[in-house]
Amino acid sequence: MADNNIGGKRLVVGAHYGLRDWLAQRVTAIVMAVYTVILLISFLTASNFSYEGWAGLFSHQWFKLATFVTLMALFFHAWIGVRDVWMDYVKPVAVRLVLQVATILWLVGCAGWAAQILWRV
């Protein structure tokens, strides 16, 4: 048995995403939680429960920006999770690459659609 895999000469392989991705998912989760609290407070203190009231809430630039930042956090959070699933369970490299590219394209498309919706109001 080879002794070169112990101590300082240990062979370490992999993408080394662990801590960075774990921290990114925690930060994006906090961003989404803070936005949820803001949205709940805005909703519960509102007096106009109609389309006009909802559109009025989203007519403020700061609220559009907060919503967009939260959506970007959601998309990044989703990317990390889905990428990890593809890397863990899809072994053929070509299939995994196709799935990762499709996921990226889908999330970028969702981000563009979200921006279009938010700034249309």
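A search of the whole structure finds three salt bridges, a salt bridge being a side-chain nitrogen of Lys or Arg within 4 Å of a carboxyl oxygen of Asp or Glu. This is a predicted model, in which local features need pLDDT of at least 70 and side-chain atom pairs count only at pLDDT 80 or more, while totals for chains, interfaces and linings use all residues. Residues are numbered from 1 along each chain as its sequence is written, and side-chain values use heavy atoms, with hydrogens and water left out.

**Salt bridges**

- Side chains of opposite charge can pair when their charged atoms come close.
- D21 and R83 meet through their side chains in a salt bridge, at 2.2 Å from N to O.
- This pair links distant parts of the chain, since D21 belongs to helix α1 and R83 to helix α3, 62 residues apart; helices (H or I, at least four residues) and strands (E, at least two) are DSSP runs, numbered from the N terminus.
- D21 also forms a salt bridge with R20, where the closest N and O atoms are 4.0 Å apart.
- A further salt bridge joins the side chains of R83 and D84, at 3.1 Å from N to O.
- Through shared partners, the salt bridges join R20, D21, R83 and D84 into one network.
- R20 counts as exposed because its relative accessibility is 54%, whereas D84, at 28%, counts as partly exposed.

- Helix α1 has 27 residues and reaches 39 Å from its first C-alpha to its last, close to the 39 Å expected at 1.5 Å a residue; the expected span is 1.5 Å times one less than the number of residues.
- The buried residues of α1 are D21, A24, Q25, T28, M32, Y35 and S42.
- Helices α2 and α3 are among the elements that cover these buried residues of α1.
- Helix α3 has 29 residues and extends 42 Å from its first C-alpha to its last, close to the 42 Å expected at 1.5 Å a residue.
- Buried residues in α3 include F63, K64, T67, T70, A73, F75, W79, I80 and R83.
- The cover over the buried residues of α3 includes α1, α2 (51-57) and α4 (93-118).

**Residue T70**

- T70 is placed in helix α3 and is buried, with a relative accessible area of 10%.
- The side chain of T70 reaches the backbone oxygen of A66 at 2.8 Å.
- Leaving aside neighbours within four places in sequence, T70 is in contact (heavy atoms within 4.5 Å) with V31, M32 and Y35.

**Aromatic pairs**

- The structure holds six aromatic pairs; rings of Phe, Tyr and Trp (its six-membered ring) pair if their centres lie within 6.5 Å, and planes under 30 degrees apart count as stacked, over 60 as edge-to-face and the rest as tilted.
- The rings of Y35 and F63 have centres 5.9 Å apart and planes at 45°, so this pair is tilted.
- The pair links distant parts of the chain, with Y35 in helix α1 (residues 18-44) and F63 in helix α3 (residues 61-89), 28 residues apart.
- Y35 is buried, with a relative accessible area of 11%, and F63 is buried, with a value of 0%.
- F63 also forms an aromatic pair with W62, which is edge-to-face at 5.3 Å centre to centre and 90° between the planes.
- Ring pairs link Y35, W54, F58, W62 and F63 into a cluster.

**Regions listed in UniProt**

- The unreviewed UniProt entry lists residues 27-50, 62-82 and 94-119 under "transmembrane region"; its positions are given in the numbering used here, feature names are shortened, and annotations may be inferred rather than shown by experiment.
- Residues 27-50 are 75% helix and 0% strand, and the end C-alpha atoms of this span lie 33 Å apart.
- Residues 62-82 are 100% helix and 0% strand, with end C-alpha atoms 30 Å apart.

Terms used: Buried means under 20% relative accessible area, exposed over 50%, partly exposed in between (1.4 Å probe, protein chains only). A polar contact is a pair of N or O atoms within 3.5 Å; within protein, one must be able to donate a hydrogen and the other to accept it, and residues adjacent in sequence count only if both atoms are side-chain atoms.
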